[in-house]
Amino acid sequence: MRSEFLPFFKPLIGDAEINEVVETLRSGWLTTGPRTKRFEEEFADFVGAKYAIAVNSATAALHLGLDAVGVRAGDEVLVPTYTFAATAEVVLYFGATPVLVDCAPGEFNLDLEQLESRITPRTKAIIPVDIAGETPDMDVLMDIAARYNLKVVEDAAHSIPAKYKGRWVGTLADLTAFSFYANKNITTGEGGMLTTDNEEYADRARIMSLHGISKDAWKRYSSTGSWYYEILQPGYKYNMTDIAAALGLHQLQRCFEMQQRREAIVEQYDAAFEGMPEVEIPTRSPYSQSAWHLYLLRLNLDTLKIDRNDFLDRLKAANIGFSVHYIPLHMHPYYREKFDYRPDSFPVAALNYRRVITLPLYPAMSDQDVQDVIEAVQTIVTENRA
Ligand SMILES: *Cc1c(COP(=O)(O)O)cnc(C)c1O
């Protein structure tokens, strides 16, 4: 057993990131400026989107995305129950209603058939989530959206770099929100990006991201800017700092290298767990190339004497960090009480939650770390067969 605790996640920050941050601090320009501009351009190029707006979180990006497509009080927005808090709370910011959708049978991503049955005359938009970095079937989803005249804001917090049918995630939906939170695939500490090919959406999101004041307002303190600005809308304070963008520029550059390491670890996990009847390895869709943000291992509970929580206690005792993605939204007090949900209101999500363990998966893991995780899982399973 490991003598030292293996954290669930550690970011990979190199000298390039550190030096760029130091240079930013010495440059005297700390908040939104030239580095943010460059990060936006390089990110847009990377995913092949026309526009990219850097913000201080994916939550902000989702909020701006819904604002851009015109979500208003009283509207309904379809959201998977199997996701993080941010995906649904942004709907509530507008006084709109998040209408939850279960997972597809046997999967983590949302059920597209159920999605269609939850559409009403008040439905305005859909927020699909790429769980673990794998997109739902976006052709099918966009077709449903087109038929009902709905807008799609993709929660791609897990999906850099990810592809759907050979296309980078970032242009599949009307707008796409990425996260650079500390434990995401690439990080700026806190940060996010909103991408779109629609100029109107991009203009609106950029203006709303900085107090609703006129375009390129950040330049007003530079030699090329103007002191004059106009408030066009009551906006928000969501702009990214150049300190964060300094990190992002280099994280983006090593994105593929980090991804290769993730894929190698996934292969090792799959090879070790595939033959064990007590666990189920993550499924893969034929159309998606996952970013492998998370490794979601499901327990086959009827083959074990212990439940998932006991399993987690034993992992902890073995000095292995872990997480659980996700406690479905409908099982949290706020949603449960407001909408009168029971766990089996969304049975697939509830069952996933009862079975799931998120194993450590990040490029800073050594081969020994990976081996230690595998051995800990194997030992717990062997000692607790039903
Ligand atoms: C992390 C995460 C977010 C929020 O990202 P922030 O950058 O922290 O706002 C939203 N949705 C999902 C699915 C996430 O995992």
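## The ligand site and the spaces around it

By class, the shell around the ligand has seven nonpolar, seven polar and two charged residues. Here Ala, Val, Leu, Ile, Met, Phe, Trp, Tyr, Cys and Pro count as nonpolar; Asp, Glu, Lys and Arg count as charged; the others, Gly among them, count as polar. The model is predicted, so to speak of local features pLDDT must be at least 70, side-chain atom pairs count only at pLDDT 80 or more, and totals for chains, interfaces and linings use all residues. Residues are numbered from 1 along each chain as its sequence is written, and side-chain values use heavy atoms, with hydrogens and water left out.

### Around the ligand

The shell holds 16 residues, and Thr59, Asp155, His158, Ser179 and Lys184 come nearest. A residue is near a molecule if one of its heavy atoms lies within 4 Å of it. Two helices, α3 (58–68) and α4 (85–92), each supply at least two shell residues. Helices (H or I, at least four residues) and strands (E, at least two) are DSSP runs, numbered from the N terminus.

Taken alone, the ligand exposes 390 Å², and the protein buries 93% of that. These accessible areas come from the Shrake-Rupley method with a 1.4 Å probe; for residues, only the protein chains shown count as cover.

### Pocket and cavities

The ligand takes up the space of the largest pocket. A molecule sits in a pocket or cavity if more than half of its atoms lie within 2 Å of its grid points. The grid has 1 Å spacing over the protein atoms alone: a cavity is a set of points where a 1.4 Å probe fits but cannot get out, a pocket is an open set with protein on both sides within 12 Å along at least five of seven lines, and lining residues have an atom within 4 Å of a point.

The largest pocket has about 460 Å³ of space. Its lining counts 31 residues, and Phe84, Ser179, Tyr181, Asn183 and Lys184 are the closest to its centre. That lining divides into 16 nonpolar, 11 polar and four charged residues. α3 gives the most, with three.

The structure also holds three cavities of 30 Å³ or more. For volumes, grid points are joined across faces, edges and corners, and the space is that filled by probe spheres set on the points. The second largest cavity has about 40 Å³. Its lining includes Phe9, Lys10, Lys184 and Pro363.

### Backbone details

A cis peptide bond joins Ile160 and Pro161, with omega about 0 degrees. Pro161 is in the loop between β5 (151–155) and β6 (163–164). The bond from His325 to Tyr326 is also cis, with omega near -5 degrees. Tyr326 is in the loop between α10 (308–317) and α11 (333–339).
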